[in-house]
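Thanks for coming. I have one protein to show today, and I will go through it piece by piece. Please look at the picture while I talk.

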Amino acid sequence: MLTRIKAGLLILLTLLLTGCGFQLRGGDNLAPELQRLALVGDDKTQFYRLVAARLQRAGAQLVEPDALTPVLTISGLGQGNSVASVNSRADALEYATRFNTRFTLDMPDEPRQVFNVTFNRSFLDKSEQALASGREQQQLREQMEFEAAAQIVRQLNRLSF
């Protein structure tokens with residue numbers, strides 16, 4: 001009897017959550033207008049491939065650009081470093097890295113929409129361990145590419161037409 005009550009409450013809770021529009025995070029569902037989408041950018045980069053994969057996973061069919069198809073144009077990731085902290089000898093201890101990219105969405109018969117994606121991260125300067133520091137920076141860049149691709153799809157999910 002107690003298990004039936006628990007099962008009934010679980011079903012009721014599930015119905016209430018789906019009824020109010022709740023969706024689990026990561027459930028990428030693009031608007032119907034974006035199901036067929038042309039992706040424009042440097043298709044030889046890892047970032048382009050990540051965005052394309054995320055879009056396809058969200059249900060987009062990537063096609064060649066034409067007059068009736070929405071066009072998503074992505075630029076490459078920009079990266080800039082600045083010193084975040086120094087020691088008593090004025091040597092850099094920590095760097096702040098800023099990653100940014102811009103993408104545009106051109107819908108037929110709609111004005112162009114421009115979006116920016118920006119991330120700030122910090123990393124320690126390990127000058128005595130140059131190989132480790134270089135590896136950390138490469139991993140940080142790969143992580144930022146992955147996060148920027150996810151952010152692009154999340155921003156597209158929020159659009160309504």
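Start with how the chain meets itself. If we take contacts between residues at least 6 apart in sequence, 64% of them join residues at least 24 apart. Keep in mind that this is a predicted model.

Alanine 31 and arginine 158 are 127 residues apart along the chain, and their C-alpha atoms are separated by 8.5 Å. Alanine 31 sits in the loop between helix 1 and strand 1, the strand covering 36-40. Is alanine 31 buried or exposed? Its relative accessibility is 13%, and the cut-off for buried is under 20%, so alanine 31 counts as buried.

Now the overall layout. The protein has three helices and six strands. Read from the N terminus, the order is α-β-α-β-β-β-β-β-α. There are 161 residues, and 30% of them are buried. The accessible surface is about 10,600 Å², and carbon and sulfur atoms account for 54% of that.

Next, the helices in turn. Helix 1 covers residues 2-19, and leucine 12 lies in it. Leucine 12 has 46% relative accessibility, so it counts as partly exposed. Leucine 12 also belongs to a nonpolar surface patch of about 680 Å², together with Met1, Leu2, Ile5, Leu9 and Leu16.

Helix 2 runs over residues 46-57, which is twelve residues. From first C-alpha to last, helix 2 reaches 16 Å, close to the 16 Å expected at 1.5 Å a residue. Which residues of helix 2 are buried? They are Phe47, Tyr48, Leu50, Val51, Ala52, Arg54 and Leu55. Note that an arginine, Arg54, is on that list. After helix 2 comes glycine 59, which has a positive phi, near 100°.

Helix 3 spans residues 130-157 and contains glutamate 147. Which residues does glutamate 147 touch, if we leave aside its neighbours within four places in sequence? The answer is Phe119 and Arg121. With arginine 121 there is also a polar contact, side chain to side chain, at 2.6 Å.

That brings me to charges. Side chains of opposite charge can pair when their charged atoms come close. How many salt bridges does the model have? The count is five, and I will go through some of them.

One joins aspartate 43 and lysine 44, with the closest N and O atoms 3.7 Å apart. Aspartate 43 is at 44% relative accessibility, so it is partly exposed. Lysine 44 has a relative accessible area of 67%, so it is exposed.

Another is between the side chains of aspartate 91 and arginine 89, at 3.2 Å from N to O. Here aspartate 91 is partly exposed, with a relative accessible area of 34%. Arginine 89 has 64%, and the cut-off for exposed is over 50%, so it counts as exposed.

A further one pairs aspartate 106 with arginine 112, where the closest N and O atoms are 2.7 Å apart. Arginine 112 is exposed, with a relative accessible area of 56%.

To go back over the main points: the model is predicted, with three helices and six strands. Helix 2 has a list of buried residues that includes Phe47 and Leu55, while leucine 12 in helix 1 is part of a nonpolar surface patch. That is all I have.

Technical notes: Residues are numbered from 1 along each chain as its sequence is written. This is a predicted model: local features need pLDDT of at least 70, side-chain atom pairs count only at pLDDT 80 or more; totals for chains, interfaces and linings use all residues. Side-chain values use heavy atoms; hydrogens and water are left out. Helices (H or I, at least four residues) and strands (E, at least two) are DSSP runs, numbered from the N terminus. A polar contact is a pair of N or O atoms within 3.5 Å; within protein, one must be able to donate a hydrogen and the other to accept it, and residues adjacent in sequence count only if both atoms are side-chain atoms. Contact means heavy atoms within 4.5 Å. Patches are made of residues with over 30% relative accessible area and no salt bridge: like charges are joined within 9 Å, nonpolar side chains (Val, Leu, Ile, Met, Phe, Trp, Tyr) within 5 Å. Accessible areas come from the Shrake-Rupley method with a 1.4 Å probe; for residues, only the protein chains shown count as cover. A salt bridge is a side-chain nitrogen of Lys or Arg within 4 Å of a carboxyl oxygen of Asp or Glu. Buried means under 20% relative accessible area, exposed over 50%, partly exposed in between (1.4 Å probe, protein chains only). The expected span of a helix is 1.5 Å times one less than its number of residues.
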